[in-house]
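Could you walk me through this structure while I have it open in my viewer? I am new to it and would like to know what to select next.

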Amino acid sequence: MLKILIPTLFLLPTTWLTSSKWLWPTALTQSMLIALGSITWLNNTTDTGWTALNSYIGTDPLSTPLLVLSCWLLPLMLLASQNHLSSEPMNRQRMYITLLTTLQLFLILAFGATEMIMFYVMFEATLIPTLLVITRWGNQTERLNAGTYFLFYTLAGSLPLLVALLMLQNSTGTLSLLIIPYAKPLLLMPFGSKIWWAACMIAFLVKMPLYGMHLWLPKAHVEAPVAGSMVLAAVLLKLGGYGMMRLMIVLDPLSKEMVYPFIVLALWGVIMTGSICLRQTDLKSLIAYSSVSHMGLVAGGILIQTPWGFTGALILMIAHGLASSALFCLANTNYERTHSRTMLLARGLQIALPLMTTWWFIASLANLALPPLPNLMGELMIITSLFNWSAWTLILTGIGTLITAAYSLYMFLMSQRGPLPQHMLALPPSYTREHLLMALHLIPLLLIILKPALLWGWFAC
């Protein structure tokens with residue numbers, strides 16, 4: 001892991017020492033080399049144990065795909081942000097790149113942590129650069145309100161988790177992920193143990209977010225710049241799922257009676273947020289609510305605690321991260337040309353930008369989980385494991401799948417088909433940078449299909 005951490009740290013001073021002419025090419029080249037280097041971690045995913053650098057940082061089959069996704073996203077964020085930042089003062093450009101690099105560093109340390117308190121500290125640390133990106137580079141005046149929602153929802157959910165972890169440390173004597181599965185469980189009174197279980201889970205359910213705790217997410221997505229939306233959808237939401245998977249081992253005996261209301265709420269959220277997507281007029285808001293819907297399915301897969309549920313949840317997290325980030329990039333390319341996120345005012349773009357319509361079509365199909373994309377693999381595994389747990393869940397997941405297909409097609413048809421409005425006849429063409437950005441998002445989805453060993457059997461142990 002040092003071969004990735006050291007170049008990432010080196011990128012911070014490089015951003016401030018490089019001349020203004022070479023700032024973006026240097027940052028992009030170095031971040032892409034880091035991303036390519038991180039792919040070598042995937043060679044360890046066939047093992048069932050940890051590949052530890054030391055007692056605090058390591059990789060295992062659960063954390064490795066999320067680490068690679070975190071590293072892969074930085075060059076894509078730089079590519080997507082280059083156009084709208086080029087007119088800003090050089091110091092603001094340098095600060096923007098520094099914040100994104102710092103965020104990647106925190107994410108690597110969070111997913112690579114082998115100690116729960118270190119994971120908690122990095123989990124909270126990601127809040128700082130994300131909040132600065134949203135409030136300082138957002139497009140509208142509502143960005144301060146969105147930042148406040150993001151800050152207080154995250155902190156209110158996370159503080160009980162800190163208390164729960166300290167209680168667990170006091171009981172077991174350790175919070176190391178290498179030892180804690182074999183440590184003695186925390187002994188509390190029945191009511192106290194249920195409160196402790198909720199304290200452990202609420203922080204991650206807010207971060208995912210679960211339906212009912214999701215109000216911060218659409219605001220943050222809509223007001224954030226494109227890089228903020230990308231990192232929120234692709235990686236930060238996955239911190240919640242990753243934390244749930246890690247703590248489920250410790251919470252195991254109690255979880256069997258505590259998960260029922262949360263599974264029902266997650267699956268009901270899939271239907272409700274999907275229905276909200278069908279009546280959205282704001283393109284970024286639609287994609288944001290789509291993320292809530294997909295992460296509800298992930299939460300259901302994790303909470304039933306079966307190997308198929310865990311594997312499907314991890315596959316869907318990776319696939320959704322790439323597809324959702326791609327959709328936010330496409331929404332940004334529309335916004336840069338039309339200066340509007342309203343779909344009624346920016347429709348019929350197939351006539352003006354036919355190549356971008358191809359990327360819109362592929363990304364929309366990935367969002368609705370068309371075979372043979374890994375989105376379908378993840379959803380099928382979660383739906384199958386939920387059906388095995390209770391046949392009644394098939395009604396909720398089936399309706400949710402149909403609504404997902406409906407709003408994905410609605411989004412594509414509203415933005416791409418129909419007559420081109422009169423105020424949009426002189427649009428700039430699509431650029432090579434934008435096509436490269438979309439290729440780097442969607443080609444990895446196809447590569448996952450070609451190497452199913454990366455996906456199948458991660459949790460066979």
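Here is a short tour, stop by stop, through a predicted model.

**Stop one: the main core.** Begin by selecting Phe119, Met201, Leu247 and Ile302. The largest nonpolar core holds 152 residues, and these four touch the most other members. Now colour residues 226-248, which form helix α10: with 16 residues, this helix gives the most to the core.

**Stop two: around Phe119.** Which residues is phenylalanine 119 in contact with, leaving aside its neighbours within four places in sequence? Show its surroundings and you will find Ala110, Ala113, Phe204, Leu239, Tyr242 and Gly243.

**Stop four: helix α14.** Next, pick residues 307-338, the 32 residues of helix α14. From its first C-alpha to its last it reaches 46 Å, close to the 46 Å expected at 1.5 Å a residue. Is this helix enclosed or open? Of its 32 residues, 29 are buried, so α14 is largely enclosed by the rest of the structure. Step on to histidine 339, which follows α14 and has a positive phi, near 60°.

Finally, select Leu33, Leu36 and Ile39, which make a nonpolar surface patch of about 270 Å². Leucine 36 sits in helix α2, residues 23-38.

How values were computed: Residues are numbered from 1 along each chain as its sequence is written. This is a predicted model: local features need pLDDT of at least 70, side-chain atom pairs count only at pLDDT 80 or more; totals for chains, interfaces and linings use all residues. Side-chain values use heavy atoms; hydrogens and water are left out. A nonpolar core is a set of buried Ala, Val, Leu, Ile, Met, Phe, Trp, Tyr and Cys residues joined through side-chain atoms within 4.5 Å. Buried means under 20% relative accessible area, exposed over 50%, partly exposed in between (1.4 Å probe, protein chains only). Helices (H or I, at least four residues) and strands (E, at least two) are DSSP runs, numbered from the N terminus. Contact means heavy atoms within 4.5 Å. Patches are made of residues with over 30% relative accessible area and no salt bridge: like charges are joined within 9 Å, nonpolar side chains (Val, Leu, Ile, Met, Phe, Trp, Tyr) within 5 Å. Accessible areas come from the Shrake-Rupley method with a 1.4 Å probe; for residues, only the protein chains shown count as cover. A salt bridge is a side-chain nitrogen of Lys or Arg within 4 Å of a carboxyl oxygen of Asp or Glu. The expected span of a helix is 1.5 Å times one less than its number of residues.
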